[in-house]
Amino acid sequence: MKKKFLLIIFGPCGAGKTSIAKGIASNYTFPLISRDTIKELLFDNIGWRDRDWCTKLGSTSYQLLYFFTDKLLETGSSFILESNQINFKILAKKINDLKDRHTYIPIIIRCFADKQILFERAIARDASGERHPGHIYPTNYEEYKKMLLEYDGEFNNEFSIEGLDFEFIDVDTTVFDNKVYELLYSKIDKIII
């Protein structure tokens, strides 16, 4: 039986998750499900208002992400999930529930960068006008810096998820160039080939 892979890409805002996910999708021809893409479809079809509404649609986008995960795994295809914060207790249960029905190997890719770089990237992206207007993030950048500090423990410790076997790859995007992709692809190749 051909192995199936579920690549889960996560990390803070500005860590390059979407760029990494799109690169992997292109390089390995794996379909990509992005939580932000789902959320933006919801924004485009039912609108956006304020942070409370954004949070509600964010919760719905997670439910849809897991729904699509289940459906795609039933097809026997490898694919990629990309999201920002992930509740790994919930995800571990979902993966284990899926694993009971589907034979696949989870590969978790944690993207991170220096906090000042993350902060600068977030400011630049907000100023660029390229971000969907439905994503309502703190307009007070001190609040955003506080949010980044919450990632501190998550990105400075060993990574484990109780009750889940998986492959794990850390990707430091502080200096985000082609070398990041080359190193990442070589690590993925060792797992999937």
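**The sheet and its surroundings**

Author: In this predicted model, five strands form an open sheet in the order β2-β3-β1-β4-β5, and the pairing is parallel.

Reader: What makes β2 and β5 stand at the edges?

Author: β2 and β5 (167–172) each have a single partner strand, so one side of each lacks a neighbour in the sheet. From one strand to the next, the twist averages 20°.

Reader: How do you know that β1 and β4 pair?

Author: Two strands pair if DSSP finds at least two bridges between them. Strand β4 (residues 105–112) and β1 are joined by six bridges in the parallel sense, so by that definition they pair. Among the partners, Leu6 is bridged to Pro106 in β4.

Reader: What joins β3 to β1, and what joins β3 to β2?

Author: Strand β1 (residues 5–10) and β3 run parallel, joined by four bridges; there, Ile9 has Glu82 as its bridge partner. Strand β2 (residues 32–34) and β3 also run parallel, with three bridges, and Leu32 stands opposite Ile80.

Reader: Which way do the residues of β3 point?

Author: From strand β3 (residues 79–82), Phe79 and Leu81 point one way, while Ile80 and Glu82 point the other way; all are buried. In a regular strand, side chains alternate between the two faces of the sheet.

Reader: Why is Ser61 called buried?

Author: Buried means under 20% relative accessible area. Ser61 has 0% relative accessibility, so Ser61 counts as buried. Ser61 lies in helix α3 (residues 51–74). Leaving aside residues up to four places away in sequence, Ser61 touches Arg35, Ile38, Lys39 and Leu42.

Conventions. Residues numbered from 1 in each chain as written. Predicted model: local features only at pLDDT ≥ 70, side-chain atom pairs only at ≥ 80, totals over all residues. Heavy atoms only, no water. Buried < 20%, exposed > 50% of the residue type's maximum accessible area, 1.4 Å probe, protein only. Helix = DSSP H or I, 4+ residues; strand = E, 2+ residues; numbered from the N terminus. Contact = heavy atoms within 4.5 Å. Axes fitted to C-alpha atoms, helices over the stretch in contact; angles between N-to-C directions.
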